[in-house]
Amino acid sequence: MKANIIVRLKPAVHDPQGETISNALKQLGYEQAVSVRQGKFFELSLDTDSREEAQRLAQEVARRLLANPVLEVFEVEVQG
Amino acid sequence: MPRFAVLVFPGSNCEEDVQYCLQDVLGHPTDLVWHKQTRLDGYDAVILPGGFAHGDYLRPGAIARFSPVMPAVASMAESGRAVVGICNGFQMLQEAGLLPGAMLRNRSLTYVCRYVGLRVEKAGSPLTETLREGDELRIPVGHADGNFFADERSLEALEKKDLVVFRYLDNPNGAAHDIAGIRNERGNVLGLMPHPDRCYEPALGTADGRKLFESLVAWTEQR
């Protein structure tokens, strides 16, 4: 099974990298791009056929390692 | 005589500077301890040094926090002995939940490497035992992720409980409340971003770092 995990900064957390990207987009003429928030994407392959097991494992690794709960929130999507 | 342990992780690079300060400059037995060791028996204090433990991949300190030695670090903290994290070591203590907050990328998005001014906010901590509140020091920083972040409630708690030990005079990274170093409520776990291990002799620009290590010795001896 595969799981996609997106880790993003909490809305209240300042994102200097996102801001820099957003400024670059404006310089390129994309005035409509009002703001950018940067995050991380993980594609996790799991050696299990059980959707429930994959969901559980992906949640666990996201919670324990991939995201820092002080700064970030995460979403898990199991595929297949 | 207090005995010190300095942890060594794959990618840490300041362990020998810390050992040099404590052992060669101040004359206290100090061992380098590989991160796969699981015991820290017989040590009065442990220092988590700066560098790039486990390459800083994912987030600084995120992988190091699962190193086999970390449960022993947590027991030292629990037993009231001194646990000090410098720079990357501070980030590890945050990831391990031994200190609050987390480090964001520096506001400038650049690696900052220079001397900064620090004000001692709290005397009587493992690194400020022999200093006075209001003392000003010059200590170098060298980091990309030193922008201290905690939510409003945690910041309020840090201030109210008097847990901020060092504040920047000229905030180099955007850190909330100019925070450069904090301690836990019990007072024995301390993290700071600047590097006292890089300025312990006048030839290095200042010897202010030595005062912090002298404090660590004094704090440890009194307990």
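Trainee: Why is B:Y200 called buried?
Mentor: The relative accessible area of B:Y200 is 12%. Buried means under 20% relative accessible area, exposed means over 50%, and partly exposed is in between, with a 1.4 Å probe and protein chains only. B:Y200 is therefore buried. This is a predicted model, in which local features need pLDDT of at least 70, side-chain atom pairs count only at pLDDT 80 or more, and totals for chains, interfaces and linings use all residues. Residues are numbered from 1 along each chain as its sequence is written, chains are lettered from A and ligands numbered from 1 in the order in which they are written, and side-chain values use heavy atoms, with hydrogens and water left out.

Trainee: What makes B:Y20 and B:Y200 an aromatic pair, and of which kind?
Mentor: A pair of aromatic rings is described by the distance of the centres and the angle of the planes. Rings of Phe, Tyr and Trp (its six-membered ring) pair if their centres lie within 6.5 Å; planes under 30 degrees apart are stacked, over 60 edge-to-face, and the rest tilted. For B:Y20 and B:Y200 the values are 5.4 Å centre to centre and 45° between the planes, and the pair is tilted. By this rule there are two aromatic pairs over all chains.

Trainee: Which parts of chain B does the pair of B:Y20 and B:Y200 tie together?
Mentor: B:Y20 is in helix α1 and B:Y200 in the loop between β11 (189-192) and α5, so the pair links parts that are 180 residues apart in sequence. Helices (H or I, at least four residues) and strands (E, at least two) are DSSP runs, numbered from the N terminus. B:Y20 has a relative accessible area of 33% and is partly exposed.

Trainee: Why are α1(B) and α5(B) called roughly perpendicular?
Mentor: Helix α1 (residues 15-25) and helix α5 (residues 208-221) of chain B pack at about 65°, with their axes 11 Å apart. The axes are lines fitted to C-alpha atoms, for helices over the stretch in contact, and angles run from 0 to 180 degrees between N-to-C directions. Angles under 35 degrees are roughly parallel, over 145 roughly antiparallel, 65 to 115 roughly perpendicular, and the rest oblique. α1(B) and α5(B) are therefore roughly perpendicular to each other.

Trainee: Which residues make the contact between α1(B) and α5(B)?
Mentor: α1(B) contributes B:V18, B:C21, B:L22 and B:V25, and α5(B) contributes B:R210, B:F213, B:L216 and B:V217. Contact means heavy atoms within 4.5 Å. Seven of these residues are nonpolar, none is polar and one is charged. Here Ala, Val, Leu, Ile, Met, Phe, Trp, Tyr, Cys and Pro count as nonpolar, Asp, Glu, Lys and Arg as charged, and the others, Gly among them, as polar.

Trainee: What makes helix α3 of chain B largely enclosed?
Mentor: Eight of the eight residues of α3 (residues 88-95) are buried, so the helix is largely enclosed by the rest of the structure. The buried residues include B:F90, B:M92 and B:L93. α3(B) is followed by B:G97, which has a positive phi near 80°.

Trainee: How do you know whether B:P194 is buried or exposed?
Mentor: B:P194 has 0% relative accessibility and counts as buried. B:P194 sits in the loop between β11 and α5 of chain B. Leaving aside neighbours within four places in sequence, B:P194 is in contact with B:I86, B:L118, B:I139, B:P140, B:V141, B:Y168 and B:A180. B:P194 and B:I139 are 55 residues apart in sequence and 6.1 Å apart in space, C-alpha to C-alpha.

Trainee: Where does B:T30 lie, and what is B:T30 in contact with?
Mentor: B:T30 lies in strand β2 (residues 30-34) of chain B. B:T30 is at 1% relative accessibility and counts as buried. Apart from neighbours within four places in sequence, the contacts of B:T30 are B:F4, B:V6, B:Q19, B:L22 and B:Q23.

Trainee: What makes B:K161 partly exposed?
Mentor: The relative accessible area of B:K161 is 43%, so B:K161 is partly exposed. B:K161 is in the loop between α4 (152-160) and β9 (164-168) of chain B. Not counting residues up to four places away in sequence, B:K161 touches B:R183 and B:E185.
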